[in-house]
Amino acid sequence: MAKGGTKKLAARAKRDAANRLLADNRFARHQYEILETLECGIELLGTEVKSIRAGQANLRDGFCLIRDGQLQLHNVHISPHSHAGAYFNHDPLRVRKLLAHRREIDRLRVALEQKGLTLIPLNLHLKGSWIKVTLGMAKGRKLHDKRQEERRKEAAKETRAAIARY
């Protein structure tokens, strides 16, 4: 029985390592109200993959545009790989192509044009051996909305603490 338990733990650890969070945009959840999310692939160079796996990606100022029927990721900084020469390295702020189905891109384009929303990258994560990006269709928050959200979170935190005391 003990052997079966260790096999399950090993399998869970392997699965967790294969689905690891590489970079997160926590500031986006403060600045925007996330209405919908979409997971898509990202076209990367070899040195970009190595840098992302080393945790050298910054999504904070990133945004997505739809140009010529393709999703493009702008303003995401992926640091140059430390063990590659200048010739073989990549440009840290280059525009990267995102991989999504045509129907998904068309649906996003309609929503972005009609409602005045924006697409922002929420996180980079591993899915198996592939690096995926989670995009959020978001609506910008005003200052009073941010304050109201902070009050709501604080109230929820206090109620959890009060329930835990009893």
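Modeller: On a 1 Å grid over the protein atoms alone, a pocket is an open set of points where a 1.4 Å probe fits, with protein on both sides within 12 Å along at least five of seven lines; lining residues have an atom within 4 Å of a point. This is a predicted model, where local features need pLDDT of at least 70 and side-chain atom pairs 80 or more, while totals for chains, interfaces and linings use all residues. Residues are numbered from 1 along each chain as its sequence is written, and side-chain values use heavy atoms, without hydrogens and water.

Colleague: Which element gives the largest share of the lining of the largest pocket?

Modeller: Let's start with the residues: Gly41, Ile42, Leu44, Val49, Arg53, Leu99, Ser129, Trp130, Ile131 and Lys132 line the largest pocket. Two or more of its lining residues come from each of β2, α3 (46–53) and β9 (130–140); helices (H or I, at least four residues) and strands (E, at least two) are DSSP runs, numbered from the N terminus. The largest share is 3 residues, and the element that gives them is β9.

Colleague: Which residues of strand β4 are buried?

Modeller: Strand β4 covers residues 63–67, and its side chains alternate between two faces.

Colleague: Which residue in β5 is the bridge partner of leucine 65?

Modeller: Strands β4 and β5 (residues 70–74) run antiparallel and are joined by 5 bridges; strands pair if DSSP finds at least two bridges between them. Follow leucine 65 across to β5, and its bridge partner is glutamine 72.

Colleague: Which residue in the turn between β4 and β5 has a positive phi?

Modeller: The two strands form a hairpin, with 2 residues between them. The phi to look for is about 55°, and the residue that has it is aspartate 68.

Colleague: How many residues apart in sequence are the parts tied together by arginine 107 and glutamate 36?

Modeller: The side chains of arginine 107 and glutamate 36 meet in a salt bridge, with 2.4 Å from N to O; the rule asks for a side-chain nitrogen of Lys or Arg within 4 Å of a carboxyl oxygen of Asp or Glu. Both are partly exposed, arginine 107 with a relative accessible area of 40% and glutamate 36 with 31%. Arginine 107 lies in helix α4 (residues 102–115) and glutamate 36 in strand β2 (residues 32–42), so the parts tied together are apart in sequence by 71 residues.

Colleague: Which strand holds lysine 127, the residue paired with glutamate 39?

Modeller: Lysine 127 and glutamate 39 form a salt bridge of 3.0 Å, N to O. This pair links distant parts of the chain, 88 residues apart: glutamate 39 sits in β2, and lysine 127 in the strand covering residues 118–127, which is β8.

Colleague: Is glutamate 149 buried or exposed?

Modeller: Glutamate 149 forms a salt bridge with arginine 152, at 2.5 Å between the closest N and O atoms. Both residues lie in helix α5 (residues 143–165), 3 residues apart, or about one turn of the helix. With a relative accessibility of 19%, glutamate 149 counts as buried.

Colleague: Which residues do salt bridges that share partners join into one network?

Modeller: The count of salt bridges in this model comes to 6. Some of them share partners, and the network they form is made of Glu48, Arg94 and Arg96.

Terms used:
Buried means under 20% relative accessible area, exposed over 50%, partly exposed in between (1.4 Å probe, protein chains only).
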